[in-house]
Amino acid sequence: MSKRTVLNLKELKFHLTPDQVVTDSDLLTLYGQDWLKQWNGKAGAVVFPKSTEDVVHIVNWAKSHKISLIPSGGRTGLSGGATALKGELVVSFDKMNHLSDFNPVEQTVLVEPGVVTQTLQEFALERDCFFPVSFAAEGSSQIGGNIATNAGGVHVIRYGTMRQSVLGLEVVTGEGKVLNLGRGLIKNATGYNLMNLFIGSEGTLGFITKALIKLLSPPPKDPLVFLFSVENKSHIPKLYQHFKTQIAPMAFEMFTDKALNHVMESSDAVFPLENRSPFYILMEIEESDKEKAFDLFEKALNDNLLQDGTLSQNQTQARELWKFRENITESLSEHQPYKNDICVRTSVMVEFLDEVEECLKKQYPEFEVIWFGHIGDGNLHINILKPKNLEKDSFLKQCEKASAILFSLVKKYQGTISAEHGIGLLKKPYLNYTRSEEEIELMKKIKRVFDPDGILNPGKIFDL
């Protein structure tokens, strides 16, 4: 759509209740963009379906009127994937937030897309189960968005991404057709796995209306958290190997002292280690691994792989230690950071980072770059902070050039330009750094099969 959409909502309102169609200006702005806020998104209207039938009606209406639809979950994404640029109709799943059909034998639960991630975590714990997908935004992100971006988080090294937790999906395609995929089966050798196409598709193939989620049991009992200080970056993957060959960490996270500075400045937290170091590791383990982990810690200390460390003594201390890692993103927000969410193999991560730091320091010495990440899966979050004296537009233009440098190195190391937040608008110009022309053309053909009129989240991932 080259022009801003003008919506005629009379027919749509006839089939929905008044509270399901919103045109309030403030809400149009709120629901028209995601957390990144790099674009001044604004919806033409926002609709709140309450059922699969509502979604089918909305899609059919949009199809007949050639109206574009933008899916909206918790809007915690960082790629512009839920942004309405041209007054499109935003479809919010806030009112589709029910959990049902808990199956204690198979340990599954049927959820609607608007269920908040933390709500599902709490639901699982109340039934002596565990939903392992966890990240800083879990208090506001929604399961539909988690699936649409194949969310990862801090427990990927132990439990995998969102894909490993999905056993079934109900989706409404761009043709208004309802597909029931997966059906909860662990084994199903009957042709193409269509369900997996929708996981990570960013709402461009269909809208998720129900998901059958696999829970785990028993839940980890009172997990313990280690915090290590590390002097040399090259020791980080060595430490990961050192621990994972003997125990199975639930999380193995890294952040820099520069990142810690911002967290400390934005809070009254007291750092528990006596001396600061350039790098820190936060490792979460199950209580049953405590003795073995402590022996491995002492050996790493003697081998000079780490400088110092502390171990949580209770769950309150564990949560306090996690805050040093989880509060980084919030502490950087006032600096309007330009974010990149990339991934390389863990074995080449140090070499990759050395090249990234050298290139960015040479080309953009005035930029402060903050990075942290998930060591076990190679996912790094690289943040370029906007200098106070630099206008936003000028900053973004320079960052786009910096991204080209970064993504060239990602391509060199055979990594990906997006590990968790998807492509959306932010990464669209750089998709070819990770995907070949042949792959992109195949993805476009798949898009046309499920959404022949191109009404579902158009302009995200690629342009048709």
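The side chains of Glu126 and Arg127 come together in a salt bridge, with an N to O distance of 3.4 Å, the term meaning here a side-chain nitrogen of Lys or Arg within 4 Å of a carboxyl oxygen of Asp or Glu. Glu126 counts as exposed at 63% relative accessibility, whereas Arg127, with a relative accessible area of 34%, is partly exposed; the classes are buried under 20% relative accessible area, exposed over 50% and partly exposed in between, for a 1.4 Å probe and protein chains only.

The model is predicted, so that local features need pLDDT of at least 70 and side-chain atom pairs count only at pLDDT 80 or more, while totals for chains, interfaces and linings use all residues. Residues are numbered from 1 along each chain as its sequence is written, and side-chain values use heavy atoms, with hydrogens and water left out.

A further salt bridge joins Arg325 and Glu253 at 2.9 Å, N to O. Because Arg325 lies in helix H11 (residues 315-326) and Glu253 in strand E11 (residues 251-256), this pair ties together parts 72 residues apart in sequence; helices (H or I, at least four residues) and strands (E, at least two) are DSSP runs numbered from the N terminus. Arg325 is buried at 7% relative accessibility, and Glu253 is buried as well, at 1%.

Asp453 and Lys63 also form a salt bridge, their closest N and O atoms being 3.8 Å apart. This pair links distant parts of the chain, 390 residues apart, with Asp453 in the segment after helix H15 (437-450) and Lys63 in helix H3 (residues 52-65). Asp453 is partly exposed at 40% relative accessibility, and Lys63 is partly exposed at 30%.
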